Amino acid sequence: MIKQNLHTHSLYCDGKNTIEDMTLEAIQKGFTILGFSGHGNCREIDDYSMTDDNTQKYIQDVLEVKEKYKNQIHIFLGIEEDILGQSFEKNNPYDYIIGSVHFVKAGEEYLAVDQSQEVTYKIVDYYGDFLSYAQSYYEEVKKIAYRSDVDIVGHIDLLTKFNENEEFIDFDDQEYLKLAYECIDMLIGQKKIFEVNTGAIARGQRKTPYPHHILLKYIHDHGGKICLNSDCHQKEMLDCYYKESLELIQDCGFTSMMVLTDQGFIEKDIQEFL
């Protein structure tokens, strides 16, 4: 059986555990593949991403754990890079890169789309309405399509983190869906992988994973590829909502998911994950 998570944070950024503690937990939970994806340096905007010094320590730590536990689990070195952060050349040290959008510009400041409901209200007030905000957000996500260094699109509809009860917009609002679909089409066209991300469930802020099932069904119907990630910040939540997410993934029509190997990403039958 394959059990994989490629979206994992540690003490080097905003996670709660060391690289080794996370690895040992993954082994205990039966994971066969674990990828670390610390937040790449975006310190001009945030206060939690890795500094340049921390990044080097992070890389060394992951590689040491990879060697130490190579007979028990397959470890990969990755990074989660915000679109406002740096781009990487082909000779970068990473096995894979997650590209994400965590911020939108509101006047002279950048506001985090996933910080709190209060900040979401502030962003919506600045843009005038949620649709205008969504247009700006998805324009930023579209930029990931042309980042050749990026393999996986992180939590594509992160802006809906505090919309669980559709307080800001209906998930089936046709104008909203048009914006999201245009973005998804661009990303599929550039063969990006979409993650089904359970991180907000682990933190008690959502009851369902990203992307919303309407968008996930659209990704399937238009030939997109996916992987399942927990966006883990706390080791106990490494496989949070995995069983339920696999059911949702199948309900949306998927019969396969992408797996990271030493030869790159390959497609595997969904039955190998059950």
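Tutor: Let us begin with a pair of helices: Y176, L177, A180, Y181, I184, D185 and I188 in α5 meet I214, L215, Y218 and I219 in α7, where contact means heavy atoms within 4.5 Å. By class, the residues of this contact of α5 with α7 divide into ten nonpolar, no polar and one charged; here Ala, Val, Leu, Ile, Met, Phe, Trp, Tyr, Cys and Pro count as nonpolar, Asp, Glu, Lys and Arg as charged, and the others, Gly among them, as polar.

Student: Before we go on, what kind of model is this, and how are residues numbered?

Tutor: This is a predicted model, in which local features need pLDDT of at least 70 and side-chain atom pairs count only at pLDDT 80 or more, while totals for chains, interfaces and linings use all residues. Residues are numbered from 1 along each chain as its sequence is written, and side-chain values use heavy atoms, with hydrogens and water left out.

Student: Okay, at what angle do α5 and α7 pack?

Tutor: The angle between α5 and α7 is about 40°, and their axes are 10 Å apart; axes are lines fitted to C-alpha atoms, for helices over the stretch in contact, and angles run from 0 to 180 degrees between N-to-C directions. The crossing of α5 and α7 is right-handed, a crossing being left-handed if the near helix is turned anticlockwise from the far one by less than a right angle, and right-handed if clockwise.

Student: What about α1 and α2, how do they pack?

Tutor: Helix α1 (residues 19-28) and helix α2 (residues 52-68) have their axes 10 Å apart and pack at an angle of about 35°. From α1 the contact takes I19, E20 and T23, and from α2 it takes Y58, D61, V62, V65 and K68. That contact has four nonpolar, one polar and three charged residues.

Student: Switching to strands, what order do they have in the sheet?

Tutor: The sheet is open and has seven strands in the order β1-β2-β3-β4-β7-β8-β9, with parallel pairing; two strands pair if DSSP finds at least two bridges between them. At the edges are β1 and β9 (225-229), each of which pairs on one side only.

Student: Is β2 mostly covered or mostly open?

Tutor: Strand β2 (residues 33-39) is mostly covered, since seven of its seven residues are buried, which means under 20% relative accessible area, with exposed over 50% and partly exposed in between (1.4 Å probe, protein chains only). I33, G35, S37 and H39 point one way from β2, while L34, F36 and G38 point the other way. Helix α1 lies across β2 and β3 (74-82), running at about 150° to β2.

Student: Which residues does F194 touch?

Tutor: F194 lies in strand β8 and is buried, with a relative accessible area of 1%. Leaving aside neighbours within four places in sequence, its contacts are V153, I156, I184, L187, I188, I219, K225, I226 and C227. The C-alpha atoms of F194 and G154 are 6.9 Å from each other, although these residues are 40 residues apart along the chain.

Student: Now the backbone: which peptide bond is cis?

Tutor: A cis peptide bond joins Y210 and P211, with omega about -15°, and P211 lies in the loop between α6 (199-202) and α7 (213-221). Most residues other than glycine have a negative phi, and most peptide bonds are trans.

Student: What is the phi of H155 and of E166?

Tutor: Phi of H155 is near 25°, and phi of E166 is near 55°, each a positive value in a residue other than glycine. H155 lies in the loop between β7 (152-153) and α5 (174-189) and is buried, with a relative accessible area of 3%. E166 lies in the loop between β7 and α5 and is partly exposed, at 34% relative accessible area.

Note on methods
Helix = DSSP H or I, 4+ residues; strand = E, 2+ residues; numbered from the N terminus.
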